[in-house]
Amino acid sequence: MDTYKNLIAGQWVDGVQFAPNINPSNTGEVIGLFARADGGAVDAAAEAARAALPGWSAAGPQMRHNVLDAAGNLIMARREELGRLLSREEGKTLPEGIGEVTRAAQIFKFFAGEALRLAGEMLPSVRAGIDVMIERQPVGVVGLITPWNFPIAIPAWKAAPALACGNCVLLKPAELTPGCAWEIANILKQSGCPDGVFNLVMGEGSVAGARMVAHPGIDAISFTGSIATGRDIAVQCAQTHKRVQLEMGGKNPMLVLDDADLDAAVDACVNGAFFSTGQRCTASSRLIVTDAAHDAFVDKLAAATDRLIVGDALNPDTHIGPVVDQNQLTQNLSYIALAREEGCEVTGGGEVDGPGFFQRPAIFLGASNQMRISREEIFGPCASVIRVADYEEGLAVANDSEFGLSAGICTASLRCANHFRRHAKAGMVMVNLPTAGVDYHVPFGGTKRSSCGPREQGAYAREFYTVVKTSYWSP
Ligand code: NAD
């Protein structure tokens, strides 16, 4: 059995123990044994990052560009093999896995360019003869804590801008999916990233993650995960004076109007709600449909969902891979039972026999927006269908949520699409597109309880990973 160690100060280091990484399509298959870091390993990684910071922050844009560009090239060259690893450890279908790896490579290439574009500003002071210079400097040592559902894209979209801006990094990936993060660490090492600049500390959230959040030598934490964990991290970061960025859950609405192209709307809803097994923070989990379109929409949605093949992530016929683990499957099934208790008619949703955690996508018909199934994030292939009278009621229902990550509308009406774009209380709006599926060169993030702090991705990522310094110059 292969073992995978943590990367601290450029050395591969044993953990206090090793934990198996299990394939959710086939629980008999162990992908490898991965080190689990304790608090001491986090301390050592933070010390290594602190020691490497003066060199890396002064290394200049060409050096940072070269490392990130080389990492992007290596990831791209290995995208099929790494996509297979991703599908085996997380359960996305192979095309989805390869797509996510390709995205990680593109992110590294984009931020290789951003390393060269970290411009400041120079402007005259209001006092005659004095100039003002505004520049961006690294925050320092940053801790990155990532979830299991995008095991290579999220580590990439945090690590690449952090490094591009001259910071040193500790990455703690989710317990369930350390394999892709280990590959990123290995690839960065092969790409010439100096010792200590990027450190990998795989381990439990309550041990390694908690130590990172509490550590006095870490200046900032970027976290993606659940609301409960994010809220605790924010409180602790306030107490230890750390900059914090949180990306959390969603209960994303897709509003389908009478005038929508129903086939296209159904495609967008099936994709948004069920692809990647519904395990996307941007998944369309509330399908809000106006009265005149409702019945035809539901017929087409049920038929399209029925055609989806659930199975092993590596099987080329599979549309929907397994749920990530037994806990998530149990949670999904309990929400399906709750949907019936709350009065919905449920189509699909059953557990599928097999060596993994397979579940058919579930549609909750006759749902209201007040039901728990429409308010709480399930994080599985489950969607409520909520009937509304018209666009105005649909918009009000879409906005009636504690989350505000992504919101979509399917319509042929320019007036409604434009009004929705302006008034949807979400960080991202999709018109005639699934709520999930975003670009890497533009900002990503939400409103309300979905996000906290500056946006991720694109040029906006620098808002979190740099500190602005203002200097006044008198001749
Ligand atoms: P989670 O909160 O359980 O874990 C996320 C990470 O936090 C893991 O690495 C975990 O080990 C770590 N962690 C757990 N307890 C910790 C603690 N006390 N201190 C420090 N770190 C700790 O979330 P998850 O189950 O891995 O991911 C699913 C959640 O992530 C969903 O709610 C989903 O919506 C959200 N998510 C959000 C986005 C987004 O960008 N908005 C993207 C993907 C996933």
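How many nonpolar, polar and charged residues does the lining of the largest pocket have? The legends below treat this and related views of a predicted model, in which local features need pLDDT of at least 70, side-chain atom pairs count only at pLDDT 80 or more, and totals for chains, interfaces and linings use all residues. Residues are numbered from 1 along each chain as its sequence is written, and side-chain values use heavy atoms, with hydrogens and water left out.

**View 1. Lining of the largest pocket.** By class, this lining has 19 nonpolar (Ala, Val, Leu, Ile, Met, Phe, Trp, Tyr, Cys and Pro), 14 polar (the others, Gly among them) and 10 charged residues (Asp, Glu, Lys and Arg). A pocket is an open set of points on a 1 Å grid over the protein atoms alone, where a 1.4 Å probe fits, with protein on both sides within 12 Å along at least five of seven lines; lining residues have an atom within 4 Å of a point. Of the 43 lining residues, W148, F223, G225, S226 and T229 lie nearest the centre of the largest pocket.

**View 2. The ligand in the largest pocket.** The ligand sits in this pocket, meaning that more than half of its atoms lie within 2 Å of the grid points. Around the ligand are 27 residues, the closest being T146, E175, S226, M248 and E377, where a residue is near if one of its heavy atoms lies within 4 Å.

**View 3. Side chains facing ligand oxygen atoms.** A polar side-chain atom of E377 lies 2.7 Å from an oxygen atom of the ligand, while for E175 the corresponding distance is 2.8 Å.

Methods: A polar contact is a pair of N or O atoms within 3.5 Å; within protein, one must be able to donate a hydrogen and the other to accept it, and residues adjacent in sequence count only if both atoms are side-chain atoms.
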